[in-house]
Amino acid sequence: MRGDGRWWESAVVYQIYVRSFADADGDGIGDLAGVRSRLGYLELLGVDALWLSPVYPSPQVDHGYDVSDPRDVDPVFGDLGDLDGLIADAHGHGIRVLLDIVPNHTSDQHEWFRAAVSAAPGSPERARYHFHPGRGPRGDEPPNNWRSVFGGPAWTRLTRTDPDDPEAGEIPDEWYLHLFTPGQPDLDWSNPEVWADLEKTLRFWSDRGVDGFRIDVAHGLAKAAGLPDDRRQPGWTPVADGLPDPRFDSDEVHQVHRGIRALLDRYPERMAIGEVMVGDDERWARYVRRDELHLAFHFALLGAGFDAAAIRDAIDRTLEAVEASGVPAVWTVANHDVSRPATRYGDPARARAMALVVLALPGTAYLYNGEELGLPDVDLPTDLVQDPGRDQGRMRDTARVPIPWEGEGPGYGFTTGTPWLPMPEEYGALTAASQLEDPDSTLSLYRRAIELRATHPAFAGDDVEWFGAPEGCLAFRRAGTTLVCALNAGTHPVPLPPGDVLLTSAPLTEQGELPPNSAAWLA
Ligand code: GLC
């Protein structure tokens, strides 16, 4: 496999949303055998590693981010043998495999939570989660005012039958905390059993040959001591602007990341990357201190629109955030939680241009399946959307429609059955098979860019030097090398900086200028 040792520092990683990638058994939902059958494609694309979205047993309330057993595989995706086979085959193709670990919460169908529900208040079973009596005279108000990320209160009240008076029917019980859906109860990370179980999970998968882990909600886990009210919520006077969010980024969370690091350090070439959604860059940087996560997503670039000043600012912010700890930056403009770049930037040409920005930057790049095909978001009828985010108008399923591989609808080679979300007719022109044949396709652009990045000597140097650029444009050089990336996010064609053109995201104009909505690499 390419780049031994700290391979993750410059890798191109490809996120597979397993349910939407490739379906081998015809039930309309992607599976591990499907991923296995497409490894040749991923090798052609040139990626160094895969990150699989959660494949563990789960009621799929949040598409697998509600885990009922972190050390097994959901039958909808296959079984442990399929995952072992996938890991072995991927390694055979020179591709590493990362799993998605969900330590902030479990499913409400996890055996721990089921035991907690039938146990009494104050029991050790309940002490693995955040169970509390309600407020108000009858305890019918939630223990605090926290909101769930998906909208509504972050607390749900249980009911139970009184063993001494079963005739009385269901009586109110304690409330439990869930920062996401009620099907995702938050674990209490001050309980040592919770860490012991994560340790078991990380060992379980590392021993099976998994190369690393993406840590879901890595800024969650520990909660502010005493679960104080969120003073940023309406109802507080004066409204306390600028206060920290008590739900996330508690100091105690770093103990967990130190534990993860110490454990992974005992395995060769293993790594962890955290989903760290912390707005304050100094606090963000704590997650990648020397004895914590190897890498963390910084979402500034993903949050920037197609605007040269905003993109430059996001790149600078990200580089400054990692500077103190010396870890490489992680660049991404797409994942399963956001609108696809071809739609979000307002023009597929802009998404192609941004691919050259992402892949030119020093550090590591994370791509999301379908991004390399330039897939747009798909408008879905509301009744077909399964994402719990829909209630908040987030509609993340629009970026989770299955991948068109070849041929015709309804399945476009993704499935021989009915895809779990309908695939639109416009996918017919965007299949992987048709794009592989077309040298001007988005897929061909990604292949060429990833290949150059891996083989061309100009792709070294871990800093960025900015050049002066015309209004609406940006240009940077990888420090100490000759690689220049120029982006035209303006409205007129602009002259290119000096150098030999290695690759452009769109044809240059007849005058040899870089047209709007495009980018070029020069050396
Ligand atoms: C992360 C995941 C998202 C999920 C949430 C709860 O943000 O990326 O898909 O809904 O965690 O696990």
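Reader: Into which domains is the protein chain divided?
Author: The protein chain has domain 1 (111-177) and domain 2 (460-522), with bounds that come from an automatic or database domain assignment. Their C-alpha centres lie 58 Å apart. This is a predicted model, where local features need pLDDT of at least 70 and side-chain atom pairs count only at pLDDT 80 or more, while totals for chains, interfaces and linings use all residues. Residues are numbered from 1 along each chain as its sequence is written, and side-chain values use heavy atoms, with hydrogens and water left out.

Reader: How many cavities of 30 Å³ or more does a search of the whole structure find?
Author: The general idea comes first: rolling a probe the size of a water molecule over the atoms shows where empty space is left. On a 1 Å grid over the protein atoms alone, a cavity is a set of points where a 1.4 Å probe fits but cannot get out; a pocket is an open set with protein on both sides within 12 Å along at least five of seven lines; and lining residues have an atom within 4 Å of a point. Grid points are joined across faces, edges and corners, and a volume is the space filled by probe spheres set on the points. Here the search finds three cavities of 30 Å³ or more.

Reader: What volume does the largest cavity have, and which residues are the closest to its centre?
Author: Its volume is about 180 Å³. Pro70, Val102, Pro103, Leu187 and Asp197 are the closest to the centre, out of 16 lining residues. Helix α5 (residues 192-207) gives the largest share of this lining, four residues; helices (H or I, at least four residues) and strands (E, at least two) are DSSP runs, numbered from the N terminus.

Reader: Which residues line the second largest cavity?
Author: They are Trp51, Arg214, Glu275, Met277, Phe297, Phe299, Asn335, His336 and Asp337, around a volume of about 60 Å³. By class, four are nonpolar, two polar and three charged (Ala, Val, Leu, Ile, Met, Phe, Trp, Tyr, Cys and Pro count as nonpolar, Asp, Glu, Lys and Arg as charged, and the others, Gly among them, as polar).

Reader: Is Arg214 buried or exposed?
Author: Arg214 counts as buried because its relative accessibility is 3%; buried means under 20% relative accessible area, exposed over 50%, and partly exposed in between (1.4 Å probe, protein chains only). Arg214 sits in strand β7 (residues 212-215).

Reader: What volume does the largest pocket have?
Author: About 710 Å³. The lining has 29 residues, with Glu9, Gly326, Val327, Pro328 and Asp462 nearest the centre. Twelve of the lining residues are nonpolar, six polar and eleven charged.

Reader: Now the backbone: which peptide bond is cis?
Author: Most residues other than glycine have a negative phi, and most peptide bonds are trans. In this model, the bond from Gly409 to Pro410 is cis, with omega near 5°. Pro410 lies in the loop between β11 (364-368) and α12 (432-437).

Reader: Where is Gln60 found?
Author: Gln60 is in the loop between β2 (49-52) and α3 (80-92). Although not a glycine, Gln60 has a positive phi of about 65°.

Reader: What phi does Val217 have?
Author: Val217 has a positive phi of about 45°, although it is not a glycine. Val217 belongs to the loop between β7 and α6 (253-264), and counts as buried because its relative accessibility is 4%.
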